[in-house]
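Here are my notes on the model you sent over.

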Amino acid sequence: MKHDCLVIGGGLAGLTAGIRCAEAGLKVTVLSSGESALTFSSGAIDVLGMDTSGMPVRHPFQGIGRLIVEQPDHPYALLGGNSVYRALDWFQGQVAETGLKLVTAKILEENHWRLTAAGALRPAWLSQPTAGTLDWDFDEIRRVVFVNFTGFLDFMPELASAGLKTNKAFEHVCVSSLNITLPLENGSGATADTMRSTQLARAIGESDIELISSTLLEKVGDADLVAMPACLNVAGRNWLEELRRRTGLNIIEVATLPPSVHGIGLLRALRSRFAALGGFYVPAVPVKQGVVSNGRVESVQTPDDILEANHYILTTGSYFSKGMTSKQQGVSEPVFGLDMQASEEFCDSRFLAREGHGFNRTGVVFNKHLQPSINGQSIENLHVAGALLAGYDPIIEGSGGGVAISTAWKAAGEVIEKMGL
Amino acid sequence: MNLFKDSDRSFDSCLKCTACSSRCPVASVRPDFPGPKQCGPDGERLRLKSPDFLDEALKYCTGCKRCEVACPSDVHISDIIADAKARYGKGNKFKIREFLLSHTDLMGTMTRGTAPIVNAVTKTKTAKVVMHKALGIDQRRQFPPYAHKSFRSWYKAELEDKQVFARNVSYFHGCFVNYNLPELGIDTIKVLNAMNIGVQLLKKEKCCGVPLVANGFHKKAKANARFNTDSIEQAIDSGSECVISTSSSCAFMLREDYPRMLGETEGNPHQQVNYITRFLTQEFKNGNKPELKPVNLRVGYHSPCHLIRSGGVLHTLSLLREIPGLQLHQLESNCCGIAGTYGFKKENYNTSQDIGEPLFHQIEEGEFDYIVTDCETCKMQIEMSTSAEVIHPVSLLARALDV
Amino acid sequence: MRRLEADVVVIGGGATGASVFRDCCLRGMHTILVERGDIASGTTGRNHGLLHSGARYAVTDGHSARECIEENRTLKKIAGHCVEETDGLFISLPEDGLDFQKQFVDGCASAGIETQVLTPEEAIRLEPSVNPDLIGAVRIPDGTIDPFRLTSASILDAREHGGTLLNYTKAVGLIIRLGYVQGVRCCDMRTGEMFEIYSRQVINASGAWCHEVMEYADLSVDMYHSRGALLIMGYRMNSMVINRCRKPGDADILVPGDTVSVIGTTSTHVEKDQLDNLEVTEDEVRVLLAEGSKLAPSMMDTRILRAYCGVRPLVSETNSSGGRSISRGLVAIDHAEKDALNGLITITGGKLMTCRLMAEVATDMAARHLGVTKPCETAKRALPGANLPEAMGRKTREARKTGYSLPGSSIPNSVAGSAVYRHGDRARNFMKEDSNWNNAVVCECEVVTRGEILYAIDKLNARTLSDLRRRTRVGMGPCQGEMCACRVAGLLASSREDGEVVLDSLHDFVDERWKGVRPILWGDALREAEFSYWVQEGLLGLSSLQKDEAKPLLEIQEPESEETQCEQEAKQTAQKDTHHEA
């Protein structure tokens, strides 16, 4: 059986590309190997959070305009702000079809702040509905409380309080923490200290919610913002909404240390949307090698098979997912041996350096159709998207989600066009 | 006794990313199970210091290998846990149960000719209570009925030396087809014959060893592996193109685990073993595709854990895609919970059913005519826990052949 | 200015300083130890962790060999929970020939080190990771020792016998009057406060930095600083120490320490002014891997967790002639005798193996000046934690069968066992059945519990994340603290430190881990670093919480004139804390 399109890599970019192809009626299969990085992500999507001087970006799509003037090799330069916006808008709609309504800031085309479990603020474009969107200004906030469930290790309210206090805008805001000891109704007798967020999410039941809401009302009834570990909205039980209703408080969920309930939720939504559109998602099939001749991919080899398709989209990600491999001698793309662009300085002397690290900007070079090349020759029926691309830093720029989605959207668009659909 | 010949050092690549633990069906319903990361790669680093660091909780691992599927670093988490249990673990109190559940071929042989009685007895309340109390086999569990006539005897009586085809393959039918579901074997022959391929049985076969490994009978598993390898070699030598299996778990064992258990074998006979859907999709691709009439059914496809691990979901999905008229929906991947013999044990019954719950829910909601799956124990579990009827992909294909 | 008094001030909190501290306290002297950073943060924390049998010196330096085997036996007795009796092999490869082996065995015999000559097959059976090309091997009683644990246990014993530890306190000068050293001028490195400690004896145990203290008294010493680089491998590749049976050279010792193996070292000269800026070079990594894989070929496929280097304080013999040079290694100088400067003793040179002996020599000198006659007990008396009842698991080959465990406990073996492994019988102090959340595993690689972290904060003077790492191994595993660093920072923030200090310490910790990873940033180490970066920066946004980094410009609100209730509370709490300390 010949596939119209084989997507190699089942993360954010791969599933986005798969969904767009399937939506257009293509016979598309996503091959995946190993869990996607979404599993550890906040579940929010950032488009552009920081400009090149390290300042937070309030209007991301305008920001893209400025960015691509300064960095013409940036993947966003292929799309421009308007196309990126279209891609993100389409993506939000696709996810919404599964019932997951990702939200943007209340003000049109503005980023909002995402609060982290260390008390930092990072700009984001789309957030999970229960994570809420913090406005760009904090005028209304006088008191913030970080609430944890005693013993749970993957949310650090005391650290988060300290972190938020380092922010000048919160200098005069009262920030404190509160621990609530829960009975964990559905926890089979286990305690929160043995649980990761995914388990805690299952363990919480009605009596826990009752205790949380009464404690909140008693202890922090006057708080303007209550932040809790993200484990309160899973498998159709939106306890967070319930808590908001019972207490009238502005409660938000904050992504915990991995695994992340929100990230997994987004991943599940994408897989389910893809399946609903008739796409096939195949786990545990690593693509070992591609066969290329005359500037075309003929086939790809998995441990067991040789697979053929009219078009291929490569979304294997960066080092973590082995989309790129590094040895003492350098970095390479292992499936096709694609041309790479390495950053001059591979890493900074400080881990959390403001400038980021060269290894993050290292990646596969691509042309304006997102086609990569081997020894300078472009490959006609192969497109690349996502973290594999050279020329951007997903973390420091706060652009990881936006680049993955928009480049995958474009790559799929190129394939659809070629298939004459 | 070590299960695999070479000691496994893949744990060294573990990035501590928690992907495995977040996908572990057991950890999601049993917080007292520390999860594959801690039991596998984390634990192994400690156990290299001293075997004293072996945790009791390893016994809750079902060996479903979903952790290995989730792992972005190719760590053989499930194997590491199975090996640690065998290497450092001490025995448990349900030895007889472990023996009975895992020696599926022996159990099948013993019921030969007495199937109606055994089936009737295993259904009685008294028998269930006795099995629960004395053996530790949960009384709520339904036993698969034994067939009145084994597949092998049917084959000998009906088919032996009667097929005349230029091409032949050998069929490792496994215990379940032989003793419980001969129909699947018959369907398999029907499909292959329709493609002008003859089906031979191996001269002799023993249980592939999956349940033996799961229950710690590593020595016996290795002996069976050697025995079956001989049979496979013999079959290849006498003209079979390859060996096929209709059980995703047996196929995985024969193809992937045997070489690691036995070490390199001359001529790589294990590479000649194919799960049926892989073989069929390859044949279809090469143009050998029988005529198929539409099968107008709405089916949900459940991918069994071990088939996922071997990457075989692709083949089954591709095959099903070839059946005209079939409305196919890929169910969200979720372990059914039975994990071979695991769910039969009384201490695991609740865990097993809790694990399967999201799958059962999907199945009941989906309003399917059939659930399609490749694995015999998934079939048992889904049929026991839902109102659905479960069919093997090959049997579905056989329907498309019919007039 | 604040003024403290003591009989003895010990400068330097490495293995030697800690042992001197302990010895002085056990002999009833009122002692204060000052350490500019944390305990075991210099040379002590940057070596192999090898419990030498002395065999390495058997051919070249018989005296050192005898010293080593004696201390080896002593440490096994007094520091059971810091030591593993793994035994070691000296292997001969084809390129080495077997000539050296003969000399080696003879040398060991005359130093009193037991040996067993093995065939290559026997060696491979005992240690499967060894290079299969070996042509001969000798088994000797090498072992492993955890220098952090040894230092921490010595300090704990000293404090339980009346001693005071001032870590993060730098000795910035000596108080000298009329040819007498009367004490030490100190600076609290966290607050900047200057204060003085008056004493009758000052013992300079600052190792590679001892020349700095001597300069306070216009004295000098001819030190040769030799740097040695090492690599930490991802897991315990070998169960016995593997050495090359030839004259000591680069990367010829592979030590299985706790959950890892350590290969080292190189040896190159380093200038005095570079002692605090050591980074491992690419060349060093290459040499370590190339030579190390000759000991155990699997090293080439094994992940490297980090690279680090330490400085050996070597003193040339000619210059120590005025002092009492006991051996080429150990240098004890009574400046009263050598320089007519009373009240100052310098103890340096030596090695981890002889830290107890060095302390005994220095403390004998001090005791003589102070008229203390109580004899040294350190060779006989077990360190805190080492009083292991049989069933709690002693790290002797014999007792290994009984195991690392808390008998009668329902706590998982990996959790209870790890606590006992690190803290011996003191594990009972923080690991209880009724845990109050304390048995939660904070660091999963090394199985460090919340209780162990809190115990280290309360009882072992840990103030920062790095301090906690040295006392518990938190963040020392394959992930190098990717998640546990944040969890521990949370615990620190909730225990006693103020938030900003904790954030600084989190950043220091992250940078310190990074320093070790950078030289080996490829393969799985890079994948791990990328993942950590996603978590720490992408998910948590830690970089914006650094005080020396520009904060994102947010619109700043008008400050309110009145203090919020929250701030008042915070102030009150702070006042309470101050009272408590006073």
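Predicted model: local features only at pLDDT ≥ 70, side-chain atom pairs only at ≥ 80, totals over all residues.

1. Chain A puts 32 residues into the contact and chain B puts in 31 residues.

2. The record, an unreviewed entry, places "domain: FAD-dependent oxidoreductase 2 FAD-binding" at residues 4–403 of chain A. Across residues 4–403 of chain A, the model is 26% helix and 21% strand.

3. Domain 1 of chain A is put together from 1–111 + 258–288 + 346–366 + 390–421, while domain 2 of chain A is 132–254. Taken over C-alpha atoms, the centres of domain 1 and domain 2 of chain A are separated by 29 Å. Where these domains touch, domain 1 of chain A contributes 12 residues and domain 2 of chain A contributes 10 residues. The domain 1 side of that contact has five nonpolar, four polar and three charged residues.

4. Now for chain B as a whole. I count 21 helices and eight strands in chain B. Its radius of gyration is 21 Å, close to the 22 Å that the globule rule gives for 403 residues, so chain B is as compact as a globular protein of that length. Along the principal axes, the C-alpha atoms of chain B fill a box of roughly 60 × 50 × 40 Å.

5. Chain B also has a sheet to trace. Four strands of chain B make an open sheet in the order β2-β1-β3-β4, with parallel pairing. β2 (197–201) and β4 (273–275) of chain B sit at the edges with a single partner strand each, so one side of each has no neighbour in the sheet. From one strand to the next, the twist averages 40 degrees.

6. Look at the β4 end of that sheet in chain B. Strand β3 (residues 243–245) of chain B pairs with β4(B) in the parallel sense over three bridges. Within this pair, B:Ser245 has B:Tyr275 in β4(B) as its bridge partner. Helix α16 (residues 276–285) of chain B lies across β3 and β4 of chain B, and runs at about 90 degrees to β4(B).

7. Chain C has a run of antiparallel strands. Strand β10 (residues 169–177) of chain C pairs with strand β11 (residues 180–188) of chain C over eight bridges, in the antiparallel sense. C:Lys170 is bridged to C:Cys187 in β11(C). This hairpin has two residues between the strands, and C:Leu178 takes a positive phi near 50 degrees.

8. β11(C) then carries on to another partner. Five bridges join β11(C) to strand β12 (residues 194–204) of chain C, and the two run antiparallel. C:Gly183 is opposite C:Tyr198 in β12(C). Five residues lie between β11(C) and β12(C) in this hairpin, where C:Gly192 in the turn has a positive phi of about 85 degrees.

9. Last, another annotation. UniProt, again in an unreviewed entry, places "domain: BFD-like [2Fe-2S]-binding" at residues 441–493 of chain C. That span of chain C is 53% helix and 9% strand, with its end C-alpha atoms 18 Å apart.

Methods:
Residues numbered from 1 in each chain as written. Chains lettered and ligands numbered in written order. Contact = placed C-beta atoms within 7 Å. UniProt positions renumbered as here; feature names shortened; annotations may be inferred. Pairing = 2+ DSSP bridges. Axes fitted to C-alpha atoms, helices over the stretch in contact; angles between N-to-C directions. Domains from an automatic or database assignment. Nonpolar A, V, L, I, M, F, W, Y, C, P; charged D, E, K, R; others polar. Rg over C-alpha atoms; globule rule 2.2 N^0.38 Å.
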